[in-house]
Amino acid sequence: MRKLDISKLDVLALMRYDACTRCGECTATCPTGGEAQDVELVTPRGKILRLREFYRAQYGLKAKLLGPRMIPDDQLKELAGRSYECTICGQCKTVCPAHLDTIEMWENMREFFVANGLGPLPAHESIVKSIENYDNPWMQPRTQRTRWSKRIEKEVKIKDVLKEHAEVLYFVGCTATYDPNIKEMAVNSAKVLGAAKIDFGTLGNEEGCCGSTLLRTGLLDSGRKTALRNIERFEKAAPSIMVASCAGCYKTIRQDYPRIGKVGARMVHITQFVNELVSTGKIKLAKRVNGTVTYHDPCHLGRHNHLYDEPRKILEAIPGIRVVEMERTREESRCCGAGGGVKTAFPELAEKIASLRVADAEGTGADMLVTSCPFCYQSLKAAIETKGSKLRMMDLMELLAASCTE
Ligand code: SF4
Ligand code: SF4
């Protein structure tokens, strides 16, 4: 039994919990709720109603008149655990008729559980420690950050922006930097920027984790420290524009960093930046890349940032590419299952959701499934392999590089 510390539930969040009409629209589309329909507590409505019940029991009018009711620890732990069975995909926000910003609510709910010693989950601890100790979630040495670029250093000029000024700062992100299966994403992004003769560079070994995992799992204090370290480096580099190829880094730097410190340069995702280059003819798409592709909208680009058109415009501009849409697309796009720390803490749930997304893609008859986020890429590729699907997983920059480079 315990008295809850609600100091971390911000006023806006409390108003949002109170504003939920219990209509249940959100429960039908929630990817994790859909996989556990017998457990109401996993659904957006279930989490809201239970947390509302808990804080009203201690801080509501009845509690003021009759005294607060203590909440049993097991009930609190159950809700805390369930709150992490959410990919923060934002589907519930899209359908909520009361226009509740559920994305903010889930992150704030986790912050509340962390403040009460109930979060994050033990499975998240190694990632958190790795970010604190190595500045990346994959326990990789800082000195290896630029290793991905060695293969193309003769072909593309990539500056170290802390030593030499560049107009564009390419924020590579930890996953494309270190994961051997994903580093092609960084290589191809750099090749495309090089093909357009962009004056660009990276923070080299000084680039740090963007802090997305920390912020998404409720560890705001650690997330802020991580963000501030990067902001300091951005200030030193003083680029005109910053480009991220990771959807998670893009969301974090664009939406979270300005609440933490001053980010001088404009932050764009590589699909926005490159779409501009393609549409103004600065990138010549000379080679055909034959195939039928379907595009998976990463939640952090789509529902979180309304960035739907640019990736599709790039795909349509590549000669030989035919784009077909999945039934659930754009705002209604199914999540890949990896976000919000779900892949780390509930890998089987993440795999089930990814497998459903691969089935969506198979239904289009496409031969390639394309995305523009390393986490979506990782998850969907694994699901393709597990299912024995004929689909080929592709990063958008890989297709583009095949069309615009030698
Ligand atoms: S953000 Fe996505 S996974 Fe989380 S509760 Fe909403 S719909 Fe479900
Ligand atoms: S859709 Fe919105 S109002 Fe309806 S139950 Fe879900 S969160 Fe509450």
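Predicted model: local features only at pLDDT ≥ 70, side-chain atom pairs only at ≥ 80, totals over all residues.
Residues are numbered from 1 along each chain as written, chains are lettered from A and ligands numbered from 1 in written order, and side-chain values use heavy atoms, without hydrogens and water.

Strand E4, residues 241-244, pairs with E5 in the parallel sense over four bridges. Pairing requires at least two DSSP bridges between two strands. Helices (H or I, at least four residues) and strands (E, at least two) are DSSP runs, numbered from the N terminus.

Now the whole sheet. It is open, has five strands and runs E1-E3-E2-E4-E5, with parallel pairing. Strand E1 (159-160) and strand E5 (266-269) are the edges, each pairing on one side only.

Next, H11. This helix lies across strand E2 (168-171) and strand E3 (200-202), at about 165° to E2. Axes are lines fitted to C-alpha atoms, for helices over the stretch in contact; angles run from 0 to 180 degrees between N-to-C directions.

Which helix does H11 pass in a left-handed crossing? H20. Left-handed means the near helix is turned anticlockwise from the far one by less than a right angle; clockwise is right-handed. The axes of H11 (183-195) and H20 (396-404) come within 8 Å and cross at roughly 40°.

Who touches whom? Asn188, Ser189, Val192 and Ala195 in H11 meet Met397, Glu398, Leu400, Ala401 and Cys404 in H20. Contact means heavy atoms within 4.5 Å.
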